[in-house]
Amino acid sequence: MDELTLFFLSFFGVLLLLYPFEKLQKRKKIGQFIREEGPDLHNHKTGTPTSAGLVFIPIALLVVFLFSKDSDLLIPIAAGMLFGIVGAMDDLAKLVKKNAAGISALTRLTLEFLFAFFIVYIVQRINPHTYLLIPFTEKSLDIGWFYFPFSMVTIVGTANAVNLTDGVDGLAGSVYIASVFPLIVLGYHSNLYSALVGALFGFLWHNWYPAKVFMGDTGSLSLGGIFAVSMALTGREIYLLFFGFIFLIETLSDIIQVGSFKLRKKRVFKMAPVHHHFELSGWHESMIAFRFSTVALVFSLIGLLAWRGNW
């Protein structure tokens with residue numbers, strides 16, 4: 001089945017099913033809890049329906065599973081399901097505890113690394129390799145046994161990077177679309193990404209400012225896991241520097257902020273991740289989503305140029 005059909009199946013499925021999903025949460029008085037350390041500008045969002053990933057991730061993955069004949073996509077699909085389970089556990093814990101804490105960081109990371117270990121093991125069974133393809137060249141770098149932990153860290157890091165980016169209305173979804181769209185043009189796992197992009201457009205119909213529903217950890221962790229595993233299948237983890245540029249910057253801003261405060265007792269940003277810095281600097285949420293997505297698209301297009309060496 002062609003990419004456009006996969007796109008529209010996911011788009012309309014998510015667009016329509018999120019309406020009753022939101023109504024159910026409002027009727028049951030289920031909603032998002034806002035972190036106390038977050039911007040005061042977000043306090044009004046408390047109670048907004050959440051965990052839309054429970055809708056758009058299964059729809060997108062089911063569409064790919066049923067209508068795509070590309071067996072290579074089974075591994076990214078499995079990754080999306082496994083990391084989605086971690087996210088769902090976190091979302092559920094927040095609802096049960098009635099706060100934004102979720103499951104403990106240790107529990108979450110332990111599960112993520114266990115699932116990453118399993119996924120990398122399967123990848124190595126199907127396509128054994130210990131090399132990383134070098135952007136802009138026709139060369140590869142064989143890192144031997146170190147490839148296994150490197151790939152695991154990349155998968156877990158990318159999943160959490162997408163999760164960190166999900167901080168203002170429309171941001172994570174639009175940045176993800178901009179990041180992977182060039183891969184559809186390239187034809188790299190295009191069936192998978194066409195379905196995901198369709199699902200995310202359906203989600204953004206509800207999530208663009210002012211958001212009627214939030215993605216939740218179910219969606220963000222799953223999206224990040226799929227993205228990283230898709231690249232790991234062919235030893236292209238380094239290409240995430242381009243295709244996942246905004247996700248990387250969001251993560252680095254958080255690391256820099258925490259490190260600076262612990263070492264110097266000073267903050268580099270008004271608030272981290274960096275999208276909150278711009279929000280507190282006066283940027284509207286829609287402006288942040290648009291500009292970050294624009295930058296993501298530009299760097300993904302640079303990624304296409306980098307890809308040409310390993311075409």
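Q: What pattern does the protein chain follow, read along the sequence?
A: In this predicted model, the order of elements is α-α-α-α-β-β-α-α-α-α-α-α-α-α. The secondary structure comes to 12 helices and 2 strands.

Q: What makes the protein chain as compact as a globular protein of its length?
A: The radius of gyration is 19 Å, and the globule rule gives 19 Å for 311 residues, so the chain is as compact as a globular protein of that length. The C-alpha trace spans about 50 × 50 × 35 Å along its principal axes.

Q: Why are H3 and H4 called roughly antiparallel?
A: The axes of helix H3 (residues 74–97) and helix H4 (residues 105–126) cross at roughly 175°. Angles over 145 degrees count as roughly antiparallel, and H3 and H4 are therefore roughly antiparallel to each other. Their axes come within 10 Å.

Q: Which residues make the contact of H3 with H4?
A: From H3 the contact takes Ile-75, Ala-79, Leu-82, Phe-83, Val-86, Met-89 and Asp-90. From H4 the residues include Arg-108, Leu-111, Glu-112, Phe-115, Phe-118 and Ile-122. By class, the contact has 14 nonpolar, no polar and 3 charged residues.

Q: How many cavities of 30 Å³ or more are there?
A: The count comes to 1 cavity of 30 Å³ or more. About 40 Å³ of space lies in the largest cavity, a value set against the cut-off of 30 Å³. A cavity is a set of points where a 1.4 Å probe fits but cannot get out.

Q: Which residues line the largest cavity, and how do they divide by class?
A: The lining consists of Gly-31, Gln-32, Phe-33, Thr-50, Ser-51, Asp-91, Lys-94 and Leu-95. These divide into 2 nonpolar, 4 polar and 2 charged residues.

Q: What sets Ser-51 apart in its backbone, and where does Ser-51 lie?
A: Ser-51 has a positive phi of about 60° although it is not a glycine. Most residues other than glycine have a negative phi. Ser-51 lies in the loop between helix H1 (3–27) and helix H2 (53–67), and Ser-51 is also one of the residues that line the largest cavity.

Q: How much space lies in the second largest pocket, and which residues lie nearest its centre?
A: The second largest pocket holds about 400 Å³ of space. Its lining has 18 residues, with Val-153, Thr-154, Gly-157, Thr-158 and Leu-248 nearest the centre. By class, the lining residues divide into 12 nonpolar, 5 polar and 1 charged.

Q: Which elements give two or more residues to the lining of the second largest pocket, and which gives the most?
A: Helix H5 (147–165), helix H9 (240–243) and helix H10 (245–264) each give two or more. H5 gives the most, with 7 residues.

Q: Where do Pro-210 and Pro-273 lie?
A: Pro-210 is in the loop between helix H7 (190–207) and helix H8 (216–232). Pro-273 is in the loop between H10 and helix H11 (274–280).

Key: Residues numbered from 1 in each chain as written. Predicted model: local features only at pLDDT ≥ 70, side-chain atom pairs only at ≥ 80, totals over all residues. Heavy atoms only, no water. Axes fitted to C-alpha atoms, helices over the stretch in contact; angles between N-to-C directions. Helix = DSSP H or I, 4+ residues; strand = E, 2+ residues; numbered from the N terminus. Parallel < 35°, antiparallel > 145°, perpendicular 65-115°, else oblique. Contact = heavy atoms within 4.5 Å. Nonpolar A, V, L, I, M, F, W, Y, C, P; charged D, E, K, R; others polar. 1 Å grid on protein atoms, 1.4 Å probe; cavity = no way out; pocket = protein on both sides within 12 Å on 5 of 7 lines; lining within 4 Å. Points joined across faces, edges and corners; volume = space filled by probe spheres on them. Rg over C-alpha atoms; globule rule 2.2 N^0.38 Å.
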